[in-house]
Amino acid sequence: MKFAKEDATYLSERKALSQELGPRELWSVIDHWPLYCGVANLSRFIAISDLLRSVLNVPGHIAEFGSWRGGNLMFMTKLLQIFDPMGQKVVHSFDSFEGLTQFSAQDADATAQRGRYAGNLAELEAFIALYRLQDTITIHKGYIENTLPELLNRDQGLSFSMVYCDTDLYESTKAILDGLHDRLCSGGIFVFDEWNYQSYPGETVAVREFLNAHPQAYTMEHVARARQPSLVLRKR
Ligand SMILES: C[S@@+](CC[C@H](N)C(=O)[O-])C[C@H]1O[C@@H](n2cnc3c(N)ncnc32)[C@H](O)[C@@H]1O
């Protein structure tokens, strides 16, 4: 796999350095974050920023499916604060906070990852409160296969400009695409974190089936400069 060798070297060297330096106070790390952040991570966040900025003029809210500890959720919400402070857009977060649990045959060997990425809702809510983002973020706790149809049924007017798909698995990705095809505005984007990733084939299979069902509705865009996200579908 591309980068596997240099990743392994970097991860072992950074572990050794962190052991040598000893524990640091949380906010002293955060306030100097470029010192600690690797370029793979940095390029991911630059790509996500570019994508969010590309939909600022598209009507509709932002959604993230699979928020885990909330890093990307908070990043996108803070970008809205910076780039669209007077706008109406809010961010909807969908997660069971149980980690990966809902597997199908299409997920193949990913079943070995059961329970990975379990989150902590109370901790995430504490950070949302710290940054006064309670009015901008709405969390929908539960399985997406249930919470999304319930929300769409309850709120018939809800529309989106950017939908970040990061649950890694087939059924939830299918539920997101089928549920939001009609609710994504023209020019809006579905963004995928694990598309074309060998270790999580279900996400790619769900995207392929969706594109077969809607062959003319989207253009596929590569995300330059970042390993993840790996695909954007932009609605015509
Ligand atoms: C890879 S993590 C998300 C990472 C996060 N977007 C980030 O950038 O830090 C996957 C998340 O999807 C959630 N998840 C997976 N399948 C789900 C489902 N069917 N319903 C709700 N949440 C689900 C898991 O609980 C987990 O938090």
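Predicted model: local features only at pLDDT ≥ 70, side-chain atom pairs only at ≥ 80, totals over all residues.
Residues are numbered from 1 along each chain as its sequence is written.

- A residue is called buried if 20 or more other C-beta atoms lie within 10 Å of its own, exposed if 12 or fewer, and partly exposed in between, with C-beta atoms placed from the backbone.
- Apart from neighbours within four places in sequence, Val-163 is in contact with Ala-63, Ile-176, Leu-180, Leu-184, Phe-190 and Val-191, where contact means that the C-beta atoms, placed from the backbone, lie within 7 Å.

**Around the ligand**

- The ligand is surrounded by 24 residues, and the closest are Gly-66, Trp-68, Asn-72, Asp-166 and Ser-172; a residue is near a molecule if its C-beta atom, placed from the backbone, lies within 6 Å of it.
- Two or more residues of this shell come from each of helix 5 (71–83), strand 2 (91–95) and helix 7 (144–154), where helices (H or I, at least four residues) and strands (E, at least two) are DSSP runs, numbered from the N terminus.

**Helix 4**

- In helix 4 (residues 39–54), the buried residues are Arg-44, Ala-47, Ile-48, Leu-51 and Leu-52.
- Seen down the axis of helix 4, these buried residues fall within an arc of 135°, so they line one face of the helix; the arc is that of the directions from the helix axis to the C-beta atoms.
- Their cover includes helix 5, strand 4 (160–165), strand 5 (184–192) and strand 7 (231–235).

**Backbone features**

- Most residues other than glycine have a negative phi, and most peptide bonds are trans.
- Phe-3, in the segment before helix 1 (4–21), has a positive phi near 75°, and Phe-3 is exposed because 10 other C-beta atoms lie within 10 Å.
- Tyr-117, in the loop between strand 2 and helix 6, has a positive phi near 70°, and Tyr-117 is partly exposed, with 18 other C-beta atoms within 10 Å.
- A cis peptide bond, with omega about 5°, joins Gln-228 and Pro-229, and Pro-229 lies in the loop between strand 6 (218–221) and strand 7.

How values were computed:
Contact = placed C-beta atoms within 7 Å. Expected span 1.5 Å × (residues − 1).
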